[in-house]
Amino acid sequence: DKDKYQVVPCDTNKLKLLCPTLSSYLKSRNLFDRWARTAFIKLPPRGNHLPHIDNPNMPDRTWAMNIPIKNCEESYTMFYSTTPKIMAKKRNNNIHGDIVKKFDFYPDEITEIGKVKTDTPYYCNVSVIHSGRNTTDKERLLLSLRFEPDIEDIVYDHHNRTSQKENQAAS
């Protein structure tokens, strides 16, 4: 359905062969051997999707790398906070401890705390409440990569190196 937010899984092993530039980049960042799953994320024109947390029962799956593919210039990943009471309610609703793909949140349960423009590749902490927003009249398409084991060590190393360069430039 073209009018809905969609996550379309794709064959990661095929992409590793068909996308040599991406594979080379991931190898240079020590990410290639951790690249485990891939999906296209589609947002319809002027579309949003419900704020959510991915894999809430799997704290070892916190990071994704999102890569813009098509019409991402005026598209955003939004981030939100909620109260401990609402978060506890979400967790308590899963009384059997089932593995769930995501917890959804409604507008009255959250407060927007930031956003990232999706026009360049970026790491996304999917254990924080987030959603997509497409402000254009065209369908937006991202490629989202997931890693096993998780890449928290690499993300924080990248962040620390970037911060050091910014501090040196400011001195």
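Guide: A residue counts as buried when its relative accessible area is under 20%, as exposed when over 50%, and as partly exposed in between (1.4 Å probe, protein chains only). The model here is predicted, so local features need pLDDT of at least 70 and side-chain atom pairs count only at pLDDT 80 or more, while totals for chains, interfaces and linings use all residues. Residues are numbered from 1 along each chain as its sequence is written, and side-chain values use heavy atoms, with hydrogens and water left out.

Visitor: Is C124 buried or exposed?

Guide: C124 is buried, because its relative accessibility is 2%. By contrast, C19 has a relative accessible area of 23% and is therefore partly exposed.

Visitor: How many disulfides are there?

Guide: A disulfide is a covalent bond between the sulfur atoms of two cysteines. The rule applied here asks for a pair of cysteine sulfur atoms within 2.5 Å, and the count by this rule is 0.

Visitor: Which residues of β8 are buried on each side?

Guide: In a regular strand the side chains alternate between the two faces of the sheet. Strands are DSSP runs (E, at least two residues), numbered from the N terminus. In β8, Y122 and C124 are buried on one side, and Y123 and N125 are buried on the other, so that both faces are covered.

Visitor: How many bridges join β4 to β8?

Guide: Two strands pair if DSSP finds at least two bridges between them. β4 and β8 are joined by 4 bridges and run antiparallel. Opposite Y122 of β8 stands N66.
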